[in-house]
Structure formats: structure tokens, C-alpha cells
Amino acid sequence: MAVERTILHVDMDAFFAAIEQLDRPELRGKPILIGYDGPRGVVATASYEARPFGCHSAQPMAIARRLCPQAIVVPVRGSRYREVSKQMFAILDAFSPLVEPVSVDEAFIDATGCERLFGSGESMAAQLKARIREELKLTASVGVAPNKFLAKLASDMNKPDGLTVVKTEEVETFLEKLPIGRMWGVGKVTEEKLRAAGVKTIGDLKRMPPEWMKGRFGSDAERYMRLCRGVDERAVTPDGAAKSIGHEQTFGQDLEKASDVRRVLLEQVEQVARRVRRAGLMTRSVSLKIRFGDFQTISRSMALDSPTDATDVLWQAASTLFDRWAKSSYQPVRLIGMQAQQLIAGEAQMGLFTDAAAEKRKRMDSVTDQITGKFGKGAIRRGGTME
């Protein structure tokens, strides 16, 4: 009989905005927008005071300013956010060795077997929240559930400063009336199409026949059938123990231009390469995941000549895979994802002769890692990610 897991999803509340309000008392209680206040500026985080006006992250700053003219725009301080993020993860690491970072302010924790130290999953979540509040002077929302999908849903239920527990016997009731827009991977356009077909809740989706699901979601139909029943067998995997490290992004609207997708892909390669190096790993292959608006999903992969952690080598492989597909059969993209696979520990074997170009790439990656570690991932970027 399989052991029932206890999974926590920890999500800091309006992380960047909360830090600014902590450091600058005059901003407390006021609507603030974190990001660049200029052409093509995007909101990194909106404070909870700005959200009732319709402001949210990833929104064009110009739109957010129109919705909330009284909002105060504050520039991103990557170094400060990175500093607090490290403190947050140090707290999480004290509760379990199985912590999987999702982003700078979000993580999954596998608390299975930690009951003797911290009590139930709910008790552990309460202790974790208390330490974050006491040590960082910030709040986090935590979901506790038998798997990652349910824990992620739960953490979003009672924000900010929430603690929501979903027990195994409550899963069906918990999911039944949740709006379909809460379903992982369902964006606004897909939500509208599903609602037009009479699917308004996750419970409605669960009752749709397999043939309908396959016609709607294609190769992902089985996964959605499992998720809407609360089934998710993904393990919580720290980067250092991962068999693959990847990043993917779903767009609110399909990206029409290949150049726009390529720019996002380069950002993903940079993030993945940093995580691979931070975990002390090397990768032997690269794969891409591309999804279209109709949920059709394709994948492409490439074996590397030798194990590497170099950003440029990974980008060369990823861009080659993407360009081959785009030149022959490009169509608007809903999701793009990149993975470093077949990971191994340690440094790559040295060749008989020193490769000057490889040494230069290694030094450049080391310098950029130091800069992003101190000032945040937006502090230094390759030209291909810029507009």
C-alpha cells in the first residue's frame, strides 16, 4: 500500500511589493506597482491594495496605471528580493530536505515522514508561516494536500496569509465547484471556450466523456482527466536530485510571431542553465515542449556532444531545435518550455587540449551568475532577450 504523501505549497504574498512596504513604511496601505514605468514596462507584482482595481503581475504597466492612476510605481530591486528569498528558503530547508523551488518566492515541500518532528501537515504549515512572519516580517500562504496539484490550488484559496488543508477524503468535494479557470494549464481563452461548451467547474470537466476530452485536449487529455479527479503523482524533487531541470511558460494569448517565442525561450535557457550550475550538475541533452491553442503538444530533443552547463551551448541546441520546427511548420504558440535532461553530477571531463572558447564561456557564465545572484535575474541579459 502506497504511503499517503503530505505536500505543502508555499507562496509568499505579493512578495516584491511586500518587501518594498516593509522597507518603506510610507508605502504601507497604499497601492503600489513593482516594475518599469516606461514604454513596454510590465508589472512584476501589484500590492494587494492595487489588485481591486484590476492590477496584476505580467500586465503592461500602462494598462495598470490607467486602471489605478493613484498607484505608486516602484522600480524592481533584484538584489533585495534575492536576499530575502535566500532567507525564506533557509527556513523551508529547516522543515524538510525535499524542497523544490518553483520561483524566487514559491516552493513545494514534501513533508511526508516529518510528523514526528513537526506534527501534522497543518501544524507544520502553521509553524512555517510563524517563522516567516517572525524572521522576515512577511506573510506566506500555504496549501497542504496529498499532492502538488491540490497543494497549489489550496495555497491560492485564502490569500493573503492563508492556510488551507485538503484531506484525501475531501478531494472530490474540494474540486467539484472550483471554477474551471483554476485548473492548471487553463488560460483565459481556453476557459472561455470551455464555458461556452458548458464546462464551468472542474466537476463539470470530470463528467465529460474521454472522447470529448481527447478532442479538446489532444495528447494531454489523459493528464487532464487525472487532474480533475485530483490525481497527481509528480514527486517533489530538489534541483540537486532532479533527473531534469526545466522551465515553461503558458501565454494568456497565443504568440503569433516566432521571434517573440524565441525571445522567451532564450530567457528560459538562461534560467535553466543557472539552476543546473547552482545544483552542481551537467546535462547531456536538451528538449523543447511546444503547445498550440488547441492543446496539441509537440516535443523536440537533441543529444549534446558532451555534458555541459554552459548557457551558450544549451542555447545553441535549443534554438536549433526551435528554428528547425519554426521554418517548416510554425503556428501560434500557447506554451513554450525547455528542459535540460540526462543530468549528471560533477564537472565535464576535460579534453586533451584546452578549449579557449569553452574557458571564456565558463568565465562569462560565472560572472553572470554572480551578478544575477546579487542583483536579480534581470540585472544582466543576453541581447536576444531584449525588445
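Is F16 buried or exposed, and with what relative accessible area?

Author: F16 is buried, because its relative accessible area is 17%; buried denotes under 20% relative accessible area, exposed over 50%, and partly exposed the range in between, with a 1.4 Å probe and protein chains only. The model is predicted, so local features require pLDDT of at least 70 and side-chain atom pairs count only at pLDDT 80 or more, whereas totals for chains, interfaces and linings use all residues. Residues are numbered from 1 along each chain as its sequence is written, and side-chain values use heavy atoms, with hydrogens and water left out.

Elsewhere, F292, F322, W325 and Y330 make up one aromatic cluster. Rings also carry charges over their faces: R51 lies over Y48 at 4.2 Å from the ring centre, and the charged end of K148 is placed over F108, 5.0 Å from the centre of its ring. The criterion is NZ of Lys or CZ of Arg within 6 Å of the ring centre and within 35 degrees of the ring normal.

Strand β10 (residues 281-291) has 9 of its 11 residues buried, so the rest of the structure largely encloses it. Strands (E, at least two residues) and helices (H or I, at least four) are DSSP runs numbered from the N terminus. β10 pairs in the antiparallel sense with β12 (residues 333-345) over 10 bridges, where two strands pair if DSSP finds at least two bridges between them. Within that pairing, V286 has A340 as its bridge partner in β12. β10 is also antiparallel to β11 (residues 297-308), over 8 bridges, and S287 faces S301 of β11. The hairpin of β10 and β11 has 5 residues between the strands, and F295 there adopts a positive phi near 75°.

K206 is buried, because its relative accessible area is 19%. Leaving aside residues up to four places away in sequence, K206 touches E172, E176, C228 and R229, a contact being heavy atoms within 4.5 Å.

Key. Rings of Phe, Tyr and Trp (its six-membered ring) pair if their centres lie within 6.5 Å; planes under 30 degrees apart count as stacked, over 60 as edge-to-face and the rest as tilted.
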